[in-house]
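Please consider the structure shown below.

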Amino acid sequence: MTTTGKGPRPNAAGAAPRPGATRNLVVATIGFTVNFWAWALLGPLGPGVKERLGLSFAAQSLLVAVPVIVGSLGRVPVGALTDRYGARIMFPLLSLATVVPVLTLTVVDSYPALIATGFFLGLGGTTFAIGVPLISGWYPPARKGFALGVFGIGTGGTAIANFTTVRLADAYGENTPFLLVAAILAGYAVLAFLLLRDPPGRTAPAGSALARTAEVSRLTVTWQLCFLYAVGFGGFVAFSVYLPAYLRTAYELSANDAALRTAGFVVLAVAARPAGGWLSDRLHPVPVLVWCFAGTAVFAVVQAFQPPLMPVATIALLAMAALLGAASGAVFALVGRVAPADKVGTVTGVVGAAGGLGGFVPPLIMGWVYGIEGSYAIGLMLLSDVALAAAVYTAVKMSRVDKKSNLVADTAPRRSIQA
């Protein structure tokens, strides 16, 4: 029987994960969740800091956005260091390093000190670049998508931050959230060192990290994927860090109520991420992305008119959460189809950095526009425009890229698949 280029690849469907893969996936997901929890601590506290220090909306936006940009750009060097030293070293090391800024939050109270602390708090956001190569090495190609989807649930750490930070501070003292997170991070560092193992046969890649990054930066597809992930995952990150401030200002909610609603937004987005990957496997990433981005554009327009919180605004915000989460999963399904097979890891690191970086700009724009106009409408309309542009670009351009990559794959010599 002859297999065609479009059929399933030999041994891919039945390939089983290596022994120990599940343990490493669970431990890595826990670490990603805890570090993301630390990364998002300033988001729910932003409104209270603004009131206490008399900050402008733009200054508050900068405060919550600094950890986002550091956690995004830091993924590139952290990913390179993970290639060199392995996740068993990097996960405990980054977790311990994140303890320092978390504990520093218990003693700083000036705006410059909080900005500096937020800079180092961004370390927690870089752990995405540690987990992806670890999980990719433990799972065969046929199951990598599912495994990475499970690992992506760790972004729910931002929901934990929004759900617990204000409540813990109100109930047990303002330093309680920081002391708790610091203790969990330290405990996880010990757990990771004892239980995590790098994939069998892992070797440090040839060439410097700078050379590998420069190589993939010359690929058009890298920047195309960066744009799509910046809109999808970047939109999710922006909402997760700025939504508490938006809800308190636009709908006059209490800090606790705003944080709880933001946690619901994040949970739904996190749950939708593996769903987007699942749909992409069964349909195709391109139509999934088109519908997700188009739907986001529609609901952003609805929210721009600041409808009543119940039920219209709640429906609009939760719908955007589901659509942006599904889009994040679909983008990485597309990465596996269009990125060069020997450069998927490096492309993933750059795309992941772009996604987090995409969450840095919207909070600044929202705060700046509100400070000038006293309204969030313009900012939300800009989000709608960008999402619509992403939908059109995906429909027109990415389908052609995918067809071209499939043609190359069909005409290329058959090679054995390595896990």
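Thr-126 is buried, having a relative accessible area of 2%; buried means under 20% relative accessible area, with a 1.4 Å probe and protein chains only. Thr-126 is placed in the loop between helix H6 (111–121) and helix H7 (128–138), where helices are DSSP runs of H or I with at least four residues, numbered from the N terminus. Apart from neighbours within four places in sequence, Thr-126 is in contact with Val-70, Gly-71, Gly-74, Arg-75, Val-78 and Leu-94; contact means heavy atoms within 4.5 Å.

The model is a predicted one, in which local features need pLDDT of at least 70 and side-chain atom pairs count only at pLDDT 80 or more, while totals for chains, interfaces and linings use all residues. Residues are numbered from 1 along each chain as its sequence is written, and side-chain values use heavy atoms, with hydrogens and water left out.

Helix H4 (residues 75–85) has Arg-75, Val-78, Gly-79, Ala-80 and Thr-82 as its buried residues. Just after H4, Gly-86 adopts a positive phi of about 90 degrees.

Helix H15 (residues 309–338) contains Ala-327, which is buried with a relative accessible area of 0%. Not counting residues up to four places away in sequence, Ala-327 touches Gly-232, Leu-289, Cys-292 and Phe-293. The C-alpha atoms of Ala-327 and Thr-296 are separated by 9.9 Å, and these residues are 31 residues apart along the chain.

The largest nonpolar core has 92 residues, and those with the most contacts inside it are Leu-225, Phe-236, Phe-239, Tyr-246 and Leu-247. Such a core is a set of buried Ala, Val, Leu, Ile, Met, Phe, Trp, Tyr and Cys residues joined through side-chain atoms within 4.5 Å. H12 gives the most to this core, with 18 residues. A second, separate core of 22 residues includes Val-49, Ala-59, Val-102 and Leu-105.

How values were computed. Buried < 20%, exposed > 50% of the residue type's maximum accessible area, 1.4 Å probe, protein only. Helix = DSSP H or I, 4+ residues; strand = E, 2+ residues; numbered from the N terminus.
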